[in-house]
Amino acid sequence: MLAAIVCLLLQLLLPIPGESYNVSGRWCHGPDWRRRRGFLWSLARAVKKDSVLALGRRESEGLAWKEGLHECPEGAVSAGLVVYARAAREEQQAIVAELSEGVITHWSAPVLLWRLRQGGWPDFGAGHVLEQEVHRYRFPDLADLILDTTPRFRLDTPPAPWTIQQGWWWSQREASHEGMSADSNDLQEGSSLDLGMHVLLRRSPILMKRRGLLLIDVGAFDGNSLLSIGLQVDMGHKVLAFEPLASNRKEIIAHLMGKELLGHLQLLDPETQECIRFNHQGMLAVPCECVAESSCATLARVGLSAANHSERLAAAAAHSSVTMQSYGGEIYVGTPEKLEGADFLVGEPIVRWWVHSVLGLPCVDIHLLKIDVEGAEFAALRGLEPLLAEHRVRFLFLEVWPLAIMSWGTDPLGVLRWLAHYGFHCRFLGTHLGPETFEEFVARHSTALQMGDFGLDSMSFNDVLCEDLHWHDPCGWERRANEGRSRPA
């Protein structure tokens, strides 16, 4: 009953708080808007303990304003925001929990916060509610780690510069969608490989540094990216991939089968530390191991995060993430039947176990860590933080989408500074932008256009490749490989 009332209000009410307010280049003004401002205040006062049904009594007033909905739709969201804020103040936890999972999702929270801070909407105390409580209800196990971007480890090494540099040596053909299309014969039809990863894996020598590189693919999706290409170069690389959705793991298996790479794959259950391989007879339970000189991929049936937890989300192309599920009621999910259970674990213990127990190596040195998880990057990074603090990750690929990062309650500027603290200096991929300060980067991706983007029509992000300036071959593998190449035949 409550959900129906709230949804009806959000569809019908249009309480605009100011006499004149700019919305995406349009102005809401006149006596009707003043009346709606008064209605909003009245609505806020109506939400009292044990009297939420009073909202339903205001339905007739909302109907009178339905005609103006298309002119200033943000007013409907404002109504929900007020209900949420008042419910939180009155400690009506059931309402808060329902709205934090539904109408006021953690996707819309950064947009609403941005609008509140620009002025023009009454706050009712909702700013603090959105900044903390939405994300604490949505991610109770993660909140303390993702709301605060303060590094957990102090280092003696200086931070990297607070700038993103332009890419290295790539020409316009090599760093453009046109160049990627020119290489289409080298890509599987319908490949999900994006431009940044195309530039990195197909155009740069990053996978050719030496044999036996350790690679980690967080958000493997359908396997078309680092997981597959790391095997295709046939240099004995070892890939650890993470994909929490069973439907996507089926896509990975089909993709590797089509590439005749399925024999290199083992499926891992990190909680039991048991593996499954495929042969002509089907699936076979086997010890988790990789032959030293052969290419090998280990696919874990989990995602990575800052704390162990479970979620329900939908497989929806590259947007199969917690962010998109919570935003995507009808846009990405469709029906509740399409939701899948997904487990997320802290990554650092899994990586160390994989290196020591599966690969039989005494030392951890990750050559390339790719994270593409539609806004949850910082949660995954937090779970790997000890490895970054020990300078055991040389290169880090990220898709940096500030608005999606904000949807987790995380400050994107804080994330970039967090990476710099651990020595990571980033460069753009697939574009000729830069150099750009962190502040300039975030500002470019959080303009009024992006921050008014409730429909994902103006997604704004960049792919970057970051290198740890303080990585110094911690296991000595680079030095030994170079010594071997320098010896006379």
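**View 1. F378 is buried, because its relative accessible area is 2%, under the 20% cut-off.** The model shown is predicted. W418 is also buried, because its relative accessible area is 1%, again under 20%. Together with Y422, F378 and W418 form one aromatic cluster.

View 2. The structure has 6 aromatic pairs. One of them joins F378 and W418 in an edge-to-face arrangement. The ring centres are 5.1 Å apart, and the planes make an angle of 85°. This pair links distant parts of the chain. F378 sits in helix α16 (residues 377-383). W418 sits in helix α19 (residues 412-421).

**View 3. F428 and F441 form a tilted aromatic pair.** Centre to centre, the distance is 6.1 Å. The angle between the planes is 40°. Here a strand is linked to a helix: F428 belongs to strand β15 (residues 424-429), and F441 to helix α20 (residues 438-444). In the chain, F428 and F441 are 13 residues apart. Both F428 and F441 are buried.

**View 4. E340 is a buried residue without a salt bridge.** Find E340 in strand β12, which spans residues 339-346. Its nearest side chain of opposite charge is R249, 6.5 Å away. A salt bridge needs the charged atoms within 4 Å. The side chain of E340 does make a polar contact with the side chain of S247, at 2.5 Å. A polar atom of the E340 side chain also lies 3.2 Å from the backbone nitrogen of A246.

How values were computed:
Residues are numbered from 1 along each chain as its sequence is written. This is a predicted model: local features need pLDDT of at least 70, side-chain atom pairs count only at pLDDT 80 or more; totals for chains, interfaces and linings use all residues. Side-chain values use heavy atoms; hydrogens and water are left out. Helices (H or I, at least four residues) and strands (E, at least two) are DSSP runs, numbered from the N terminus. Buried means under 20% relative accessible area, exposed over 50%, partly exposed in between (1.4 Å probe, protein chains only). Lys and Arg count as positive and Asp and Glu as negative; His and the chain ends are not counted. A polar contact is a pair of N or O atoms within 3.5 Å; within protein, one must be able to donate a hydrogen and the other to accept it, and residues adjacent in sequence count only if both atoms are side-chain atoms. Rings of Phe, Tyr and Trp (its six-membered ring) pair if their centres lie within 6.5 Å; planes under 30 degrees apart count as stacked, over 60 as edge-to-face and the rest as tilted.
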